Structures are given as C-alpha cells and as structure tokens.
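Open the model in your viewer and keep the selection tool ready.

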Amino acid sequence: LDARKARPQDLAHSGSVKAVEDDYYITLEHDMERQHYITFMAYAVYDRVLLMKLDPEQAAQVRFPRSGHGVLYICCNSHGLFSVSL
C-alpha cells in the first residue's frame, strides 16, 4: 500500500462535529456516489484508532466515543486524506 499524507481539512471535506452524550457525532455534506465518496473516517487518540468504513449508498456520518483530544481522518476516494484536530 502507498502511504498517504493527510492534508488539512478543506471546505469540500469539512463537516459538523457535535458532542452527543459521550460521543462525537460527525456529519459531512459530501457526495456519496460510486465515483466520488468518503471511503472511511478514523479517530486517532494516544492509544487507539477507531475506524469506520463507509459505503457509497450510505450517508457520510459516523459516531465515535469521545476519548480526549485526538485527530479525525477523512479519506475521499477522489481527493485523498484530510485531517482535523478534535
């Protein structure tokens, strides 16, 4: 596998992060078609990585348990990998 370098989140790949109970609820306004979609979102903290794989048929939204400060990674099959600090 080729290594991907994460770029800062841009407007086309930004979304909403809300604290819901003990979770982060993350939603993106992004195309979810076979040719262009979010393949996964991952939440990395100091001792673990939580990964949610997404399919083109579903909405670009996930829920991760809050574990302190970490980094959210968003991978678009057309534009690559993006990151944002949580």
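Which residues do ring pairs link into a cluster? Select Tyr24, Tyr43 and Phe64.

Before you go on, note that this is a predicted model, in which local features need pLDDT of at least 70, side-chain atom pairs count only at pLDDT 80 or more, and totals for chains, interfaces and linings use all residues. Residues are numbered from 1 along each chain as its sequence is written, and side-chain values use heavy atoms, with hydrogens and water left out.

The structure holds two aromatic pairs. Rings of Phe, Tyr and Trp (its six-membered ring) pair if their centres lie within 6.5 Å; planes under 30 degrees apart count as stacked, over 60 as edge-to-face and the rest as tilted.

Start with tyrosine 24 and tyrosine 43. Their ring centres are 5.6 Å apart and their planes meet at 85°, so this pair is edge-to-face. Tyrosine 24 lies in strand 3 (residues 23-28) and tyrosine 43 in strand 4 (residues 38-45), 19 residues apart. Strands are DSSP runs (E, at least two residues), numbered from the N terminus.

Stay on tyrosine 43. Its relative accessible area is 1%, so tyrosine 43 is buried (under 20% relative accessible area, 1.4 Å probe, protein chains only). Tyrosine 24 is buried too, at 15%.

Tyrosine 43 and phenylalanine 64 form a tilted pair, 5.9 Å centre to centre, with 35° between the planes. Phenylalanine 64 belongs to strand 6 (residues 61-65), 21 residues from tyrosine 43. Phenylalanine 64 is also buried.

Definitions and conventions:
Helices (H or I, at least four residues) and strands (E, at least two) are DSSP runs, numbered from the N terminus. Buried means under 20% relative accessible area, exposed over 50%, partly exposed in between (1.4 Å probe, protein chains only).
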